[in-house]
Amino acid sequence: DGGITQSPKYLFRKEGQNVTLSCEQNLNHDAMYWYRQDPGQGLRLIYYSQIVNDFQKGDIAEGYSVSREKKESFPLTVTSAQKNPTAFYLCASNPLGPDSYNEQFFGPGTRLTVL
Amino acid sequence: GQQVMQIPQYQHVQEGEDFTTYCNSSTTLSNIQWYKQRPGGHPVFLIQLVKSGEVKKQKRLTFQFGEAKKNSSLHITATQTTDVGTYFCAGNFGNEKLTFGTGTRLTIIP
């Protein structure tokens with residue numbers, strides 16, 4: 001099956017610990033995105049990447065870091081510098097290209113709770 | 001910054017009634033997309049509008065893009081319990097990013 005996988009579905013961490021959220025896609029999509037979703041605030045862009053070994057900050061990048069060493073993978077690290085990390089994190093991908101709708105395909109999400 | 005405002009935040013309707021959600025941008029959009037997120041799920045793409053004044057239909061759903069390409073709406077006719085969820089618009093300002101609205105959560109009263 002083609003798609004985007006995120007693991008784990010639920011994640012608990014103690015305050016002050018870094019945590020890495022996994023995102024893998026086998027859709028051969030060029031672009032990948034990380035969003036944060038909080039109640040009543042919609043989806044806010046954290047980081048995105050259009051090509052391997054390159055990525056750009058989104059609207060709320062502070063306290064987060066990413067890497068894009070492989071086309072299929074775009075892990076997100078929530079660092080201890082992120083002041084309010086408890087949220088639902090969504091990863092998405094997009095094929096880009098002239099024939100693309102630019103629609104984004106979302107993974108199932110990881111709900112992170114920092115205690 | 002580039003923002004997309006969406007109203008209302010919540011909408012409760014009786015089953016069979018119509019539902020509409022609206023999105024507005026202060027600057028012109030290249031295109032706008034609509035997504036649906038079921039409770040506990042992830043957003044799923046519904047449609048993209050590109051042309052000024054464009055209207056597209058998907059069964060009971062009607063999507064409109066304003067003449068100035070600054071606003072859009074989603075109208076559902078005769079809602080059903082399967083329509084429950086949060087509907088997001090997402091605007092594209094001519095780059096590789098989408099800017100999502102805050103969403104409208106639709107609840108259906110049977």
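Here comes a short tour of salt bridges, stop by stop. Keep in mind that you're looking at a predicted model. Side chains of opposite charge can pair when their charged atoms come close. Across all chains, a search of the whole structure turns up five salt bridges.

**Stop one.** Select A:Lys71 and A:Asp30. Their side chains meet in a salt bridge, 3.4 Å from N to O. Now follow the chain away from each partner: A:Lys71 sits in the loop between β7 (64–66) and β8 (76–78) of chain A, and A:Asp30 in the loop between β3 (19–25) and β4 (31–37), so this pair ties together parts that are 41 residues apart in sequence.

**Stop two.** Hop over to A:Asp38 and A:Arg44, another salt bridge, with 2.9 Å from N to O. Is A:Asp38 buried or exposed? At 10% relative accessibility it counts as buried, because the cut-off for that is under 20%.

**Stop three.** Switch to chain B and pick B:Lys56 and B:Glu54. They form a salt bridge, and their closest N and O atoms are 3.7 Å apart. B:Lys56 is partly exposed at 23% relative accessibility, whereas B:Glu54 is buried at 15%.

**Last stop.** Go back to chain A and select A:Arg36 along with A:Asp38 and A:Arg44. Salt bridges with shared partners link these three into one network.

Note on methods
Residues numbered from 1 in each chain as written. Chains lettered and ligands numbered in written order. Predicted model: local features only at pLDDT ≥ 70, side-chain atom pairs only at ≥ 80, totals over all residues. Heavy atoms only, no water. Salt bridge = Lys/Arg side-chain N within 4 Å of Asp/Glu carboxyl O. Helix = DSSP H or I, 4+ residues; strand = E, 2+ residues; numbered from the N terminus. Buried < 20%, exposed > 50% of the residue type's maximum accessible area, 1.4 Å probe, protein only.
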